[in-house]
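Subject: Structure for you to look at

Hello,

Here is the structure I promised to pass on. Please open it first, then read my notes beside it.

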Amino acid sequence: MQFRLRTLIIGCTVIAIFCALFFATPLIIELPILAMIVLVSPSVWICGACFAKGAWRPFFLGGICAGWLAHAFLMYYGAVVSMSLLDDGDIESILGMEDDFGLTGRIWIAAAFLFPGLLAFLGGGCGVLIYRWCGNGSVAKRETEPSKIHEPYVVVETRMTPVLRPNDEARMTNIE
């Protein structure tokens, strides 16, 4: 399996940014960034499901179906924890949370925030697999049979109008 140099550099940059976010920044900066990722991700999945074409559409639909429950639970739990922290009224306790969480605690926090996204990607992968197995290529379209009506008609403005052939115009002038 070969990768382009650009792909490898982008992958290394993304991993470096995540490592810096999870291990080098203070918790008070890390949590809002993770919360923004969680808040923006549903719009990405929904826009992808609406506007994507081909195999991308079942990917986004599978991601929505697989990740919505975990995302809703995380949003509820985040709101409850935020309200309980703000209800204490002690801003120093919020800023002092850094001491309570070690490296393991920060990894658990990041895992909890990114778990709905992981579920969504797995569901998207399942959606694409089902699309490949049962989707576009495996369904053969039936050929439509020609109309058995010998009188050609055209629907114009929701009413049936006969189509005039060149010979019909000559007959119409003879009738008048």
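**What I found**

Of the 176 residues of the protein, 20% count as buried. Buried means under 20% relative accessible area, exposed means over 50%, and partly exposed lies in between (1.4 Å probe, protein chains only). This is a predicted model, so local features need pLDDT of at least 70 and side-chain atom pairs count only at pLDDT 80 or more, while totals for chains, interfaces and linings use all residues. Residues are numbered from 1 along each chain as its sequence is written, and side-chain values use heavy atoms, with hydrogens and water left out.

**Overall layout**

The protein has seven helices and two strands. Helices (H or I, at least four residues) and strands (E, at least two) are DSSP runs, numbered from the N terminus. From that end, the order is α-α-α-α-α-α-β-β-α. Take contacts between residues at least 6 apart in sequence: 65% of them join residues at least 24 apart. Contact means heavy atoms within 4.5 Å.

**How the helices pack**

Start with helix 1 (residues 5–24) and helix 2 (residues 27–51). Their axes come within 9 Å and cross at roughly 135°. Axes are lines fitted to C-alpha atoms, for helices over the stretch in contact, and angles run from 0 to 180 degrees between N-to-C directions. That makes helix 1 oblique to helix 2. Angles under 35 degrees count as roughly parallel, over 145 as roughly antiparallel, 65 to 115 as roughly perpendicular, and the rest as oblique. From helix 1, Phe 18, Leu 21 and Phe 22 meet Glu 30, Ile 33, Leu 34 and Ile 37 of helix 2. By class, this contact has six nonpolar, no polar and one charged residues. Here Ala, Val, Leu, Ile, Met, Phe, Trp, Tyr, Cys and Pro count as nonpolar, Asp, Glu, Lys and Arg as charged, and the others, Gly among them, as polar.

Next, helix 1 and helix 6. Their axes come within 9 Å and cross at roughly 130°. The two are therefore oblique to each other. Leu 21, Phe 22 and Phe 23 of helix 1 meet residues of helix 6 including Arg 106, Ala 110 and Leu 114.

How do helix 2 and helix 6 pack? Their angle is about 10°, with the axes 11 Å apart. They are therefore roughly parallel to each other. The contact of helix 2 with helix 6 divides into twelve nonpolar, no polar and two charged residues.

**The nonpolar cores**

A nonpolar core is a set of buried Ala, Val, Leu, Ile, Met, Phe, Trp, Tyr and Cys residues joined through side-chain atoms within 4.5 Å. The largest has nine residues, including Leu 21, Leu 34, Leu 74 and Phe 113. Helix 1, helix 2 and helix 6 are the elements that give two or more residues to this core. Apart from it lies another core, of seven residues, among them Trp 45 and Val 128.

Is His 71 buried or exposed? It is buried, with a relative accessible area of 16%. His 71 sits in helix 3 (residues 56–88). Beyond its neighbours within four places in sequence, His 71 contacts Val 38, Ser 41, Pro 42 and Pro 116.

Tyr 131 is in helix 6 (residues 103–134). At 22% relative accessibility, Tyr 131 counts as partly exposed.

Best wishes
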